[in-house]
Amino acid sequence: MLMPAEKMTYLTTLKLDTQKAGSPIEKFLVWVLRNDPNPIVRHESAFVFGHLKEEGRIAGVVSIKPLCVAAKNDLSLVVR
């Protein structure tokens, strides 16, 4: 069984067509950020967003608002 950080690391290695706005991987990471009960997993999701955006592998159009909301409102300091 993969640990949360290992799962998110795996997502960064996928060679999918992720540059399109609203790509499946971006939508999945948004879902994780909004819905996963584990704050460490939500934190990892946000970290992967940054990693993929920095590499130019996601457009970031779908993810920017959920990231801002999490940074402002998430109950976990780890996520913020």
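Student: What makes α2 and α4 meet, residue by residue?
Tutor: Val30, Leu33 and Arg34 of α2 meet Pro66, Leu67 and Ala70 of α4. Contact here means heavy atoms within 4.5 Å. Please keep in mind that this is a predicted model, where local features need pLDDT of at least 70, side-chain atom pairs count only at pLDDT 80 or more, and totals for chains, interfaces and linings use all residues. Residues are numbered from 1 along each chain as its sequence is written, and side-chain values use heavy atoms, leaving out hydrogens and water.

Student: Why are α2 and α4 called roughly parallel?
Tutor: Their angle is about 20°, with axes 10 Å apart. Axes are lines fitted to C-alpha atoms, for helices over the stretch in contact, and angles run from 0 to 180 degrees between N-to-C directions. Under 35 degrees counts as roughly parallel, over 145 as roughly antiparallel, 65 to 115 as roughly perpendicular, and the rest as oblique. The pair α2 and α4 is therefore roughly parallel. Their crossing is left-handed, a term for a near helix turned anticlockwise from the far one by less than a right angle (clockwise would be right-handed).

Student: And what makes α2 roughly antiparallel to α3?
Tutor: α2 and α3 pack at about 150°, their axes 8 Å apart. That angle makes α2 roughly antiparallel to α3. The contact involves Glu26, Leu29, Val30, Val32 and Leu33 of α2, with Val41, Arg42, Ser45, Ala46, Val48, Phe49 and Leu52 on the α3 side. α2 passes α3 in a left-handed crossing.

Student: How do you know how many helices and strands there are?
Tutor: Both are DSSP runs numbered from the N terminus: helices are H or I with at least four residues, strands are E with at least two. By that rule the chain has four helices and zero strands, in the order α-α-α-α.

Student: What makes up the largest nonpolar core?
Tutor: Ten residues: Ile25, Leu29, Val30, Leu33, Val48, Phe49, Leu52, Ile58, Ala70 and Val79. The elements giving two or more of them are α2 (24-35) and α3 (39-54), and α2 gives the most, with four. A nonpolar core is a set of buried Ala, Val, Leu, Ile, Met, Phe, Trp, Tyr and Cys residues joined through side-chain atoms within 4.5 Å.

Student: Why do arginine 42 and aspartate 74 count as a salt bridge?
Tutor: A salt bridge needs a side-chain nitrogen of Lys or Arg within 4 Å of a carboxyl oxygen of Asp or Glu. Arginine 42 and aspartate 74 come to 2.8 Å, N to O, so the pair qualifies. A search of the whole structure finds one salt bridge. Arginine 42 is in helix α3 and aspartate 74 in the segment after α4 (64-73), so the pair ties together parts 32 residues apart in sequence.

Student: Why is arginine 42 called buried?
Tutor: Its relative accessible area is 10%. Buried means under 20%, exposed over 50%, and partly exposed in between (1.4 Å probe, protein chains only), so arginine 42 is buried. Aspartate 74, at 13%, counts as buried as well.

Student: What makes histidine 43 partly exposed?
Tutor: Histidine 43, in helix α3, has a relative accessible area of 28%, so it is partly exposed. Leaving aside neighbours within four places in sequence, histidine 43 is in contact with Val78 and Val79.

Student: And why is alanine 59 called partly exposed?
Tutor: Alanine 59, in the loop between α3 and α4, has a value of 25%, so it is partly exposed.
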